[in-house]
Amino acid sequence: MDAMNPLESACSHLRRVIQSSVDMESSLLKMDKRFGALEESLGTVSKRVAPLQSLAIARKALETRLNRAVSPAMALLDSFKLCESLQAKLLQLASALSTKKKTKNEKRLKILAEYVKSVKELSRAIRMISEQGEAGIQKLQEVVEFLSRTKAADQYRTHRLRETLVTLKALYETEVDGMKYDGLLDEALLILQDEFEGILEGLRHPELGEMMEPYELGTEVEIQVSRDIAHTLAANDCLDICIDIFVKARYRRAARALMSLNPDYLKTYSPEEIDEMDWENLETAITLWMRHFEVAVRAVFVSEKRLCHDILSGAMEGMIWGECFLKIADKIMAVFFRFGEGAARSNKEPHKLFKLLDMFDSLQKLRPHFSDIFEEGDDICSRYRELEKLLIHASSKAFWEFGLQIEASADALNPPPQNGSVPKLVRYAINYLKHLTTDTYRQPMTKVLQTEQIWKIGGLVSKPNQDQDVLQDAISNVLAALQRYIELNKTRYRDSILPHIFAMNSYWYIYMRSRNAELGKLLGELWMKKTFKVVAEESAYMYQKQAWGPLVQLLGKEAPARGKMEAFMKMFKEVLRAHKTSYSIPDFDLREQIREATLKFIVPAYAEFVESHSTVLQSRSYMSPEAVQESIRRIFDACEGNERVTARSGYLVEGNAGVSGEGSSRMKTV
């Protein structure tokens, strides 16, 4: 066969393409007819299905409404079931606690902790019922009314739902109030109150003794259980009861702990009663007061405050525990303040000064601890400051009263010593001032004087006198009064020699007892020498001139040797007799210096006289210079005296005289 030419081939291809297009168009026409028929059929079906869709939507809405009402009702029923279960558990735990009532071991505390937990859960469940019950019943009632009104459910189901509503409503109305106020929860709260009190009463303080540091009250388990009980009581409207139990129990325990120190002195607290106390008893009472006050502040109340915080800090967002602590401390601190105030308001006798300063100093040292512990206790802190003020006034008054009593002592009722020895007042005053300038009392006395100075000028100066100056001035004033006392008493002697012996003994005593002590350092060596030593030396010179000078003068007179010797012996015996019976030089160093000076003054002059008139005197028996020397030595031993008076916390203590342990000093003019 001949091959097709290109034209025929192109025509053939064109015919096939045309035919294919015709066939496709025919197919599209047929499909269009089928889609039209299908659309008509779907429209018919849609009209038939529409009512079914509306019914499904209505049922869905009804189901949602029912669920919104039934779910709270079911939760309410579950809460009732939970309450019933918890009540049964509480009864079981209460029985277990009752059988272990007398034991305080950790096992019982664990049972109690479980009991507290169950009470919390029961309280929470009852609260949930109370808070959500009415709303749940209201929603269920609305659904029942809707079904009854719309006939959305059959009559049987609506009736059953209405019966459920009535039963649930009756249960709620009859049970809730009883569960809240008159049921097992109320009994459980009463049990918790008893248990709370029992634990608190059982948290005892250790033996205090000299304890000055805080300590733990109770174990970790006891604290935790107590805290849980307190929170549970507070959450169930029993906060006032909880606070009352805590305050009373811990007050009793703190008071008993301090009573174990036997503070019987606290029963005597008025100024009049304190004035009637023997000084020794009062001194002991004040010493005990300071010690017990410090124990109370630094040990007992620090521990009580920590316990109060650990147990009650969660109540009222931490606002209540501090007030509870202050209630516990207030009554006890008031008793301590009462005694301190009575002591400060009693008579301001000079011998009380040192104990008043002890009280003031103890308060000063305790102030930082006190401020930390009672930082929110305005009344307690105010009373603390008031006691400090009272002690400042009392100490200052007692000190100045001391000076006034020195001034008042120079009267006919208080004559100077007949033998010219150091009067008790001088001895007492110097030892008093020495005691005051020791490290123990120098700073508190200075603080008292400075504070008084500031108060007197109304606090208008920013810087009072220097510490040393204010105390130095005050003591100088007292010593000036003592000087006036000595000078006035010098004039009351009828004997011409005794005034000089009296002044010599007194001023020498003041100088020697002060110079190497803090008193002398405070006043200054130069001032002490100028004020007392020089005057003592002048008095010694006058004593020697008045007592022994006439003997030397007698030996130098223009007269027959025998006559002078007889006159000398007679006068010498009189002088010896006076020294033996009427004169006293109690200070060993002073007596030795006077003895040596007298020997140098008399013996050489007598020896020279005897030697110069030996030919005239050889036929008569006279004392040899050695005998005169020995007589003078012995007579000064008779002038020793036997008094010694010291100041120790206000006491006059008499004892045997002895050698001063405060160093010696040579007199220049003797």
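Where does Glu-376 lie? In this predicted model, Glu-376 sits in the loop between helix H10, which spans 353–373, and helix H11, and with a relative accessibility of 58% it counts as exposed. Glu-376 belongs to a patch of negative charge on the surface, where it gathers with Glu-323, Asp-330, Asp-378 and Asp-379. Helix H9 (321–345) and helix H11 (378–408) each contribute at least two residues to this negative patch.

Let me turn now to the salt bridges, of which the structure holds 30. I will start with the one between Arg-250 and Glu-304, whose closest N and O atoms are 2.8 Å apart. This pair links distant parts of the chain, since Arg-250 is in helix H6 (residues 239–259) and Glu-304 is in helix H8, 54 residues apart. Arg-250 is buried at 0% relative accessibility, and Glu-304 is buried as well, with a relative accessible area of 0%.

Helix H8, residues 279–312, also carries Arg-298, whose side chain meets that of Glu-213 in a salt bridge of 3.9 Å, N to O. Glu-213 lies in the loop between helix H4 (184–202) and helix H5 (220–235), so this pair ties together parts that are 85 residues apart in sequence. Arg-298 is partly exposed at 21% relative accessibility, and Glu-213 is partly exposed at 49%.

My next pair is Arg-595 and Asp-637, which form a salt bridge with the closest N and O atoms 2.9 Å apart; here Arg-595 is buried, with a relative accessible area of 5%, whereas Asp-637 is partly exposed at 46%.

Finally, Glu-197, Glu-201, Arg-252, Arg-253 and Arg-256 are linked in a network of salt bridges.

Key. Residues are numbered from 1 along each chain as its sequence is written. This is a predicted model: local features need pLDDT of at least 70, side-chain atom pairs count only at pLDDT 80 or more; totals for chains, interfaces and linings use all residues. Side-chain values use heavy atoms; hydrogens and water are left out. Patches are made of residues with over 30% relative accessible area and no salt bridge: like charges are joined within 9 Å, nonpolar side chains (Val, Leu, Ile, Met, Phe, Trp, Tyr) within 5 Å. Accessible areas come from the Shrake-Rupley method with a 1.4 Å probe; for residues, only the protein chains shown count as cover. A salt bridge is a side-chain nitrogen of Lys or Arg within 4 Å of a carboxyl oxygen of Asp or Glu. Lys and Arg count as positive and Asp and Glu as negative; His and the chain ends are not counted. The place of a charge is taken as NZ of Lys, CZ of Arg, CG of Asp or CD of Glu. Helices (H or I, at least four residues) and strands (E, at least two) are DSSP runs, numbered from the N terminus. Buried means under 20% relative accessible area, exposed over 50%, partly exposed in between (1.4 Å probe, protein chains only).
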